[in-house]
Amino acid sequence: MKRVLVTGGAGFLGSHLCSALLAQGNDVLCVDNLFTGRKTHIAPLFREPYFEFLRHDITLPLYVEVDQIFNLACPASPVHYQFDPVQTTKTSVHGSINVLGLAKRVKARILQASTSEVYGDPEIHPQTEAYWGRVNPTGLRACYDEGKRCAETLFFDYHRQHGVEIKVVRIFNTYGPYMHPNDGRVVSNFIVQALTGAPITLYGDGMQTRSFCYVDDMITGFLRMMDSPPEFTGPLNLGNPAEFSMRELAETVLTLTGSSSKIVFRELPPDDPRQRQPDITLARDKLAWAPTVGLADGLRETIAYFRRLLAA
Ligand code: NAD
Ligand code: UDP
Ligand code: UDP
């Protein structure tokens with residue numbers, strides 16, 4: 001039985017990861033300051049004898065004994081990470097130093113949840129791991145993008161300088177149950193708007209594209225990456241290459257919910273990337289990983305979750 005630390009374990013991805021790790025027979029320590037995470041996400045896990053929750057902010061040191069670390073702590077949506085941008089950078093930078101210091105001391109393997117945002121508004125398409133990105137260092141997204149870029153730097157320097165076993169995954173847009181209903185992300189916005197009969201807010205002309213990965217596929221990717229050979233550090237793209245315009249997404253959500261909400265157009269936020277699609281050749285080659293859940297199936301599960309949430 002491995003002792004596994006999940007920072008950000010009460011969040012959207014973290015709560016799914018904690019469940020999957022428990023199902024595999026691990027001893028799971030979930031650390032979260034509950035900024036965007038919720039205890040209700042992990043409530044069913046409190047019944048498990050090998051699940052433990054610690055309310056803690058990773059910008060402060062943490063002394064625990066573990067075998068593996070998944071570092072997911074960091075608000076992920078623009079409304080949340082821009083609420084206290086200095087704290088966002090601290091979470092990525094000071095937080096990474098603390099968990100890397102911990103990994104170094106206890107000789108734990110550590111995985112960093114990085115992001116496609118390290119590519120910024122990309123000039124190449126789709127993005128491969130070799131692309132260095134085009135990020136505005138002083139814009140509103142910089143606290144998140146540059147924070148995550150610096151975190152990657154720290155991971156690679158702890159690896160080179162201290163021999164820490166690292167795994168860096170760059171996550172592309174992921175959705176599913178336990179997303180926040182009001183985090184401003186497109187999938188949750190459109191579903192909540194459709195279910196409540198509110199107008200569907202399409203930013204810009206709605207022709208910008210994203211690729212959406214269902215949460216179960218992403219968690220499989222995390223677990224495979226953690227178990228990959230020690231010399232394979234990443235960075236590794238994880239995401240679903242199927243690309244859709246926001247207009248297509250709005251129409252699909254309207255069809256699947258049977259909603260009569262109207263589509264309205266709103267101004268495009270600054271620095272909003274036009275296009276984003278992962279090149280997952282490396283994940284296919286190294287991990288034999290590829291997403292298996294299509295958009296309509298994943299959206300059905302997510303819509304069912306939001307229906308329950310809104311009815312509660
Ligand atoms: P989330 O906001 O639901 O989860 C983040 C969790 O971290 C929350 O539970 C929050 O309370 C916790 N947290 C934040 N700051 C903390 C701190 N200083 N100390 C302790 N806990 C803290 O977001 P998510 O979508 O589950 O994202 C998880 C990770 O994956 C994040 O690092 C995010 O950057 C990354 N990611 C997610 C996506 C996505 O599409 N969901 C895409 C790219 C990257
Ligand atoms: N740290 C921690 N838990 C540990 C070990 C270290 O939180 O079990 C933190 C501690 O705050 C330290 C940071 O991680 O400052 C970086 O550790 P490292 O050993 O790299 O550097 P130090 O600052 O101790 O020289
Ligand atoms: N978006 C939209 N309507 C919304 C929320 C978002 O049209 O109500 C657009 C947004 O402008 C962006 C895309 O959907 O082009 C994805 O936005 P999200 O914030 O979910 O993710 P990110 O921009 O980080 O990929």
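**Cis bonds, positive phi and a ligand shell**

Me: Where is P126 placed?
Reply: In the loop between β5 (109–115) and α5 (142–162). Note that this is a predicted model.

Me: Cis or trans: what is the peptide bond that joins H125 and P126?
Reply: Cis. Omega is about -10°.

Me: Why is K107 called exposed?
Reply: Exposed means over 50% relative accessible area. K107 has 74% relative accessibility, so K107 counts as exposed. K107 sits in the loop between α4 (85–106) and β5.

Me: Why is Y178 called partly exposed?
Reply: Buried means under 20%, exposed means over 50%, and partly exposed is in between. Y178 is at 24%, so the label is partly exposed. Y178 is found in the loop between β7 (174–175) and α6.

Me: What is phi in K107 and in Y178?
Reply: Phi is near 55° in K107 and near 80° in Y178. Both values are positive, in residues other than glycine.

Me: What makes the R276 side chain a polar contact of ligand 3?
Reply: The cut-off is 3.5 Å between N or O atoms. An oxygen of ligand 3 is 2.8 Å from an N or O atom in the R276 side chain, so the pair qualifies. The protein covers 94% of the 520 Å² of accessible area that ligand 3 has on its own.

Me: How do you know whether R141 and Y203 qualify?
Reply: An oxygen of ligand 3 is 3.2 Å from an N or O atom in the side chain of R141. For a polar backbone atom of Y203 the distance is 2.9 Å. Both pairs therefore pass.

Me: What makes up the shell around ligand 3?
Reply: By class, six nonpolar, five polar and six charged residues. V186, T201, R210, D272 and R276 are the closest. α6 (186–196) and β8 (200–203) each supply at least two residues.

Me: How many residues has the largest nonpolar core?
Reply: 59. L299 is one of those with the most contacts inside this core. Helix α7 (residues 215–226) gives the largest share, seven residues. A second, separate core has 24 residues, among them L29 and I58.

Key
Residues numbered from 1 in each chain as written. Chains lettered and ligands numbered in written order. Predicted model: local features only at pLDDT ≥ 70, side-chain atom pairs only at ≥ 80, totals over all residues. Heavy atoms only, no water. Near = heavy atom within 4 Å. Polar contact = N/O pair within 3.5 Å; in protein donor to acceptor, adjacent residues only side chain to side chain. Areas by Shrake-Rupley, 256 points an atom, 1.4 Å probe, with all protein chains shown as cover. Helix = DSSP H or I, 4+ residues; strand = E, 2+ residues; numbered from the N terminus. Nonpolar A, V, L, I, M, F, W, Y, C, P; charged D, E, K, R; others polar. Core = buried A, V, L, I, M, F, W, Y, C linked by side-chain atoms within 4.5 Å. Buried < 20%, exposed > 50% of the residue type's maximum accessible area, 1.4 Å probe, protein only.
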